[in-house]
Amino acid sequence: MSALTSLSAKDIAAGVRRGDFSAEAVVKSHLDRIAAVDAKVRAYLCVLADSARAAARAVDAKRAAGKALGTLAGVPVALKDNICLAGAQATCGSRILEGYKAPYDATVTERLKAADAVVLGKTNLDEFAMGSSNENSAYFPTKNPWDLARVPGGSSGGSAAAVAARMAALALGSDTGGSIRQPAAFCGLVGLKPTYGAVSRYGLVAFASSLDQIGPLARSIDDAALALSVISGHDPKDSTSAPSPARDYLAESAGDLGGLRLGLPREYLEGGLEPDMQGALESGLDALKARGASVREVSMPHTRYALSVYYVIAPSEASSNLARFDGVRYGARRHGAGGSLLELYEETRGAGFGPEVKRRIMLGTYALSSGYYDAFYLKAQKVRTLIKGDFDAAFKDVDLLVTPTTPSAAFRFGEKTDDPLQMYLSDVFTLPCNLAGVGGVSVPAGKSAQGLPLGLQFMARPGEDHLLLRAARAVEAAGLFSGEPDL
Amino acid sequence: MPLSLDEVRKVARLARLKLSDAELSRFEGQLGRVLEHMADLAALDTAAVPPTAHALGLSNVMRADEPVESGVQEALLANGPEREGPYLKVPKVIE
């Protein structure tokens with residue numbers, strides 16, 4: 001492995017700016033690394049070698065011309081394949097979008113390019129970001145670089161595996177119920193779901209619009225902070241974009257934790273934690289206290305309803321958002337025997353969507369259908385208010401909430417595929433954050449007895465994503481997690 | 001709250017999904033179990049609770065109504081499975 005693939009995004013950008021090495025050399029080393037290990041890991045759905053080399057040469061030419069380079073100069077970035085890059089595929093891990101070429105850049109892609117980052121390729125995901133293991137990709141499952149017999153998590157599993165395996169310095173994912181934080185925890189990375197509205201969703205293929213948020217997966221807090229600084233800030237193309245200016249999260253996330261009050265929600269720990277996870281949590285809390293934070297228990301009494309609320313609201317929004325995949329405007333098309341338009345819709349969708357996507361469309365359609373709307377969708381929206389109320393109340397007493405990111409370390413392939421409910425339960429700690437619209441981060445805080453990464457999650461008030469990074473930095477600095485996957 | 005096969009068939013129709021008999025019967029069991037889990041919501045008294053559609057609380061985001069060139073018409077049309085000039089073709093709808 002070349003030294004360049006071991007560098008952080010921050011060090012790559014600094015090195016390219018100084019002229020220690022070229023952006024082209026950085027891209028080449030990462031493409032070599034992909035060629036060497038991606039046959040095992042299978043993080044990428046497509047590698048954009050030519051355009052990445054060309055983009056890197058453009059960065060080098062810009063420097064040679066004496067122009068100032070951007071925050072992410074020459075940093076090789078992987079994009080989850082539900083985020084648009086003009087002219088490249090955006091399959092969403094689905095057969096129904098096979099052959100589709102994105103007509104424009106997502107706002108995050110545009111901002112990465114403006115910061116002189118280089119897009120290396122598009123990464124694998126559970127179909128339409130619905131899943132927690134990458135086993136729902138219509139193409140192939142991505143493997144966890146720490147143990148190839150285990151899942152990388154999902155749905156941003158390809159992005160997580162690419163960064164963990166040094167096949168990208170940084171990646172973007174999307175998080176609707178934990179899809180950035182859970183794979184980050186499983187792969188030993190920092191994964192940040194920003195406050196709802198902090199990052200534009202323009203050019204992100206919609207799953208559940210009131211929950212979806214794009215965020216970075218990185219190997220350090222510094223890198224996550226740099227990425228967030230680049231991609232966040234108001235975007236007039238997204239009507240749910242918060243009207244706040246760009247911020248310097250690297251500077252804002254520095255500093256000690258003096259006076260910061262942390263809350264440990266009792267209800268997250270009720271079922272008892274596995275000993276490894278309990279250990280990681282305790283070490284993390286010790287590190288936080290040593291840096292000046294205080295920790296107290298808080299109560300969030302509606303936590304137990306989050307799973308049900310999520311699995312009404314997310315599928316309902318998905319059933320509406322995915323209505324656009326009908327064989328008329330994009331992707332695969334399949335005619336019915338009678339040749340009618342209705343058959344065209346039904347055949348195209350029946351053949352194009354995989355089992356989990358169908359399951360969720362069915363669930364959402366049922367929850368929104370006449371006679372069940374009040375009992376399911378409206379009811380779930382009301383309980384969502386109660387869950388959000390738990391967060392509002394907790395944030396009166398504490399500045400941050402801290403929990404494990406997941407109930408356990410990465411599970412094995414096939415372990416949860418037969419029972420959708422068991423799979424859904426693996427996101428039980430990450431779902432409430434999306435329902436409340438607050439920001440959340442997962443940071444590595446130790447390893448299990450089998451050597452698998454374990455993550456801690458922080459959640460903060462809306463707009464206080466810098467505090468997430470500041471607290472996570474204390475856990476990072478304690479050195480509870482180290483090493484890299486052996487591939 | 002078990003779901004009947006007929007209800008599953010009706011929902012598939014509403015969702016414009018052609019499902020095989022095997023899929024229909026699999027979903028009958030799986031969706032029934034998921035809906036059973038969701039029965040916990042019914043037990044909560046929410047009579048006085050307003051619904052939350054959106055956590056951010058932004059409403060009526062307006063902008064000036066100024067036409068701009070998207071520049072992507074051709075790229076959009078090129079994604080169509082069947083196309084004729086600047087149109088996307090679908091089977092005849094009106095007899």
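Predicted model: local features only at pLDDT ≥ 70, side-chain atom pairs only at ≥ 80, totals over all residues.
**View 1**
Just after α6(A), R166(A) takes a positive phi of about 60 degrees.

**View 2**
Strand β9, which spans residues 400-404 of chain A, is mostly covered, with five of its five residues buried. Strand β7 (residues 261-265) of chain A runs parallel to β9(A) and is joined to it by two bridges, and within this pairing L262(A) has L400(A) as its bridge partner in β9(A). Strand β11 (residues 453-460) of chain A pairs with β9(A) in the antiparallel sense, over five bridges. In that pairing V402(A) stands opposite F458(A), a residue of β11(A).

**View 1. The surroundings of P453 in chain A.**
P453(A) lies in strand β11 of chain A, and its relative accessibility of 1% is why P453(A) counts as buried. Leaving aside residues up to four places away in sequence, P453(A) touches W146(A), A185(A), F186(A), C187(A), G188(A), A409(A), G446(A), K447(A) and F481(A). Two residues of this list meet in a further arrangement, in which the charged end of K447(A) sits over the ring of F481(A), 5.4 Å from its centre. M277(A) is 176 residues away from P453(A) in sequence, yet the two are 10.0 Å apart in space, C-alpha to C-alpha.

Over all chains, the structure holds 14 aromatic pairs. One of them is formed by F186(A) and F411(A), an edge-to-face pair with 5.8 Å from centre to centre and 90 degrees between the planes. This pair links distant parts of the chain, for F186(A) is in helix α7 (residues 181-187) of chain A and F411(A) is in the loop between β9 and α15 (420-425) of chain A, 225 residues apart. F186(A) and F411(A) are both buried. Ring pairs also link Y100(A), F128(A), F325(A), Y330(A) and F353(A) into a cluster. With R42(A), it is a charged end that sits over a ring, that of F140(A), at 3.8 Å from the ring centre.

**View 2. The interface between chain B and chain A.**
On one side of this interface are 49 residues of chain B, which are in contact with 68 residues of chain A. The area buried between chain B and chain A is about 5,200 Å², and carbon and sulfur atoms give 68% of it. Of the area that chain B buries against chain A, R16(B), L41(B) and N79(B) supply 12%, more than any other three residues. Four salt bridges are counted between chain B and chain A. Among them is the salt bridge of R333(A) with E82(B), in which the closest N and O atoms are 2.8 Å apart.

**View 3. Two loop residues with positive phi, one in each chain.**
C92(A) is found in the loop between β2 (76-80) and α5 (107-114) of chain A, and its phi is near 60 degrees, a positive value in a residue other than glycine. C92(A) counts as buried because its relative accessibility is 0%. In chain B, the place of R16(B) is in the loop between α1 (5-14) and α2 (21-42), and the phi of R16(B) is near 55 degrees, again a positive value in a residue other than glycine. R16(B) counts as partly exposed because its relative accessibility is 34%.

Key:
Residues numbered from 1 in each chain as written. Chains lettered and ligands numbered in written order. Heavy atoms only, no water. Buried < 20%, exposed > 50% of the residue type's maximum accessible area, 1.4 Å probe, protein only. Helix = DSSP H or I, 4+ residues; strand = E, 2+ residues; numbered from the N terminus. Pairing = 2+ DSSP bridges. Phe/Tyr/Trp six-rings, centres within 6.5 Å; stacked < 30°, edge-to-face > 60°. Lys NZ or Arg CZ within 6 Å of the ring centre and 35° of its normal. Contact = heavy atoms within 4.5 Å. Buried area = accessible area lost by both parts, 1.4 Å probe. Salt bridge = Lys/Arg side-chain N within 4 Å of Asp/Glu carboxyl O.
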